[in-house]
Amino acid sequence: MSTPMSTPSSEPALQEHTAPASPLLEIKDLSVAYRTASGDVKAVERVNLSLNVGEVVGLAGESGSGKSTLAYGACRLLRPPAVITSGSVRYSGRRGAAPADILQMRQDQLHKIRWRDIAIVFQSAMNALNPVLRVRDQLVDAIHAHLKLSRDEANEKAASLLDLVGIPRQRLRSYPHELSGGMRQRVMIAMALAADPEIVLMDEPTTALDVVVQRDILAQIVELKQALGFAILFITHDLSLLLELADRIAVMYAGQLLEVGTAEEIQREASHPYTKGLLNSFPSLRGPRRELTGIPGSPPDLRDPPPGCPFMPRCGFARPACAEVEMTLAPVTGSADPWHVTACPFVGPEGMRA
Amino acid sequence: MTVASVAADCGPLAMEATGLSKDFRLGRGATLHAVRDVSFGLYRGAVVALVGESGSGKSTVARLLAGQERPSAGTITLDGQPADVGSRGAFRRYKSEVQLVFQDPFSSLNPVHTVSYHLERPVRLHQGSTVNVKSQVTALLEQVRLTPAVQFLPKYPHELSGGQRQRVSFARALAAKPAVLLADEPVSMLDVSIRLEMLNLLDDLRKRLALALLYITHDIASARYFADEVLVMYAGEIVERGPAEDVTQQPAHPYTQLLVASAPDPDNLGSLLRSFAPGGRPPGDPPRGGLAQPPTPPAARAHAAASGPATTGCPFSTRCPLAEDRCRQENPPLQRVTDLRTAACWRLDVAASGIARTRQTGDPA
């Protein structure tokens, strides 16, 4: 496959899981609330998460868990009534610019890093593309907004972007409705890669697609990542997908992170009861056929969250003390890796701790 | 080639489709064959899963069975009688036996009506005016485990979670006391943690009410978990059918093999990353069935996927790694794989070489 884009990264393809001195993106203590007439909805509550160079971090959570709000908040893409109530998002690009807090940037500084350094693949390609513009015009529009290129150069760039994602060039003349769902999603990915970003946020990029197409697109994302060296924050509700794709996984519930660990740790020694529940929620195609339970109940109303642990009402291990726990992430006891952290002080990989 | 259905062990035949086809005229003389020569039976107390990608015709099959579309060819029988949806009265009687549940619980409920309105109407329509509507509605809500029922009756759809809404959809379908429930992707819009609860609820309902259930899905893993028999659809045709466990563990048709290989495999950590590392796929990962993992790079596969089904010969021949001249010229009929399984493929000798095939009748020895 040709890579018409410049500067394939010299970063090793698979990052070792250790938190280096300065991550590419470091979200600290980020809280986002939606101001409503009936009070604040605390959609994201004191979240810490980092993304290293070339790393794939998966953010797993159900709808309404705040995973998209977290990602958009970190890029300052939220509009009122969403308000960022605390935290910092430190971006330390590898291209010379000094590390800076995205939340403190002026509009012109923001405009500089958006798309060029941090790009987003939005959730629904059907709605994210303009139905009355040809694919070429939409690609060229994005290229002109963020790169200084002549018209011919921009056209050539648009064509080479389609090459990159394996779409024939004659599709530049197509309208979105003339493309299949998979192709539309590929166009969205191509668009995000237009300026060779360091970080790509992917918000459920394959959710509406068929399994076969989903697999092709994921394989393509991985291939592009290997070639171009960008880091990915991959948001999805499908934990099984992340186990295959991500280096590290953060499990989000009711606006908070409940567990963070490598894919292997999440799968083999999941510590938090919610993570365990999620792992027991998807039918497996391989291996023995098991009885599966899912997680009874539904997520809490974030206008009026329960005190203590938000998962308590659905948790099989719940005890009175859960209503008073301080929600912080602490290393999983017994884990060799200090970066495998959980918010539950009572339950470990083996079950109850005390 | 017809073989026995594993679903027949669960109960009597409730509904049968024979040679069902549906063409849509596209204008300029073009025709879309949405469903082609599809035959299967739904049995009381059994779950039959219809698995396929979007555009494979699975929803059209549901609409045909529900009487919302007229077949271009073929017949549908309900309890041995030809389906009659000709007049309003006949259609209403038909609907009280055959109910459809839609994918999207956000758009299938009317936002300006309460839960009790959604349930009272079908109870009155299908159970007549003599029943105690209120107690019937309460019983329905309890059946789908929305309890205490009193609490849910005055609620509007926007006050319910996705899972609760889908439960209301189930309750609405059950209000007619149907024999057949057609569930078109009933859980694919719901969160992962809720899906299993829903499938377990459906499973419980079909057992208690002896429903004949058609479960339409693109998720072949859930079909394995939930269904007795699996029918795999591609480009409007059934390309493979058989007991759920057999079809998902040892798929015979190359398309089913592709579907199974494409499903996320949580036990195969980092496989997507590793498959591009030098040295290819990790060792100790033998492909199931007779077909190796497609070795083509994803971009090439993307083009193949974009090329769409073939118009002559086997519809899968454009994407099939085993395709040969015969596949491109002649569409294979369903052929016997075992006593309970069939697959429509000319290359079963290669594709299903790992499956102990029963001898064809008439075979000497």
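View 1. Domain 1 covers 25–246 and domain 2 covers 253–283 + 292–352 of chain A, with bounds that come from an automatic or database domain assignment. To their contact, domain 1 of chain A brings 19 residues and domain 2 of chain A brings 15 residues, two residues being in contact if their C-beta atoms, placed from the backbone, lie within 7 Å. On the side of domain 1 of chain A that touches domain 2 of chain A, the elements giving two or more residues are β2 (39–51) and α8 (239–245) of chain A, and β2(A) gives the most, with eight residues. Helices (H or I, at least four residues) and strands (E, at least two) are DSSP runs, numbered from the N terminus.

**View 2. The crossing of helices α4 and α5 in chain A.** The axes of helix α4 (residues 135–146) of chain A and helix α5 (residues 151–164) of chain A come within 9 Å and cross at roughly 115°; axes are lines fitted to C-alpha atoms, for helices over the stretch in contact, and angles run from 0 to 180 degrees between N-to-C directions. Among the residues that meet are Leu139(A), Val140(A) and Ile143(A) in α4(A), and Ala154(A), Ala158(A) and Leu161(A) in α5(A).

**View 3. The buried residues of helix α4 in chain B.** Within helix α4 (residues 133–143) of chain B, the buried residues include Val137(B), Leu140(B) and Leu141(B), together with Thr138(B) and Gln143(B); a residue is buried if 20 or more other C-beta atoms, placed from the backbone, lie within 10 Å of its own. Their cover includes α3 (115–127), α5 (149–152), α6 (162–174) and α7 (192–209) of chain B. Just after α4(B), Arg145(B) takes a positive phi of about 60°.

**View 4. Leu214(B) in the largest nonpolar core.** Leu214(B) is one of the residues that touch the most other members of the largest nonpolar core, which has 215 residues; such a core is a set of buried Ala, Val, Leu, Ile, Met, Phe, Trp, Tyr and Cys residues joined through C-beta atoms within 7 Å. Leaving aside neighbours within four places in sequence, Leu214(B) is in contact with residues including Leu42(B), Val48(B), Leu65(B) and Leu182(B).

Residues are numbered from 1 along each chain as its sequence is written, while chains are lettered from A and ligands numbered from 1 in the order in which they are written. In this predicted model, local features need pLDDT of at least 70 and side-chain atom pairs count only at pLDDT 80 or more, whereas totals for chains, interfaces and linings use all residues.

Technical notes:
A residue is buried if 20 or more other C-beta atoms lie within 10 Å of its own, exposed if 12 or fewer, and partly exposed in between; C-beta atoms are placed from the backbone.
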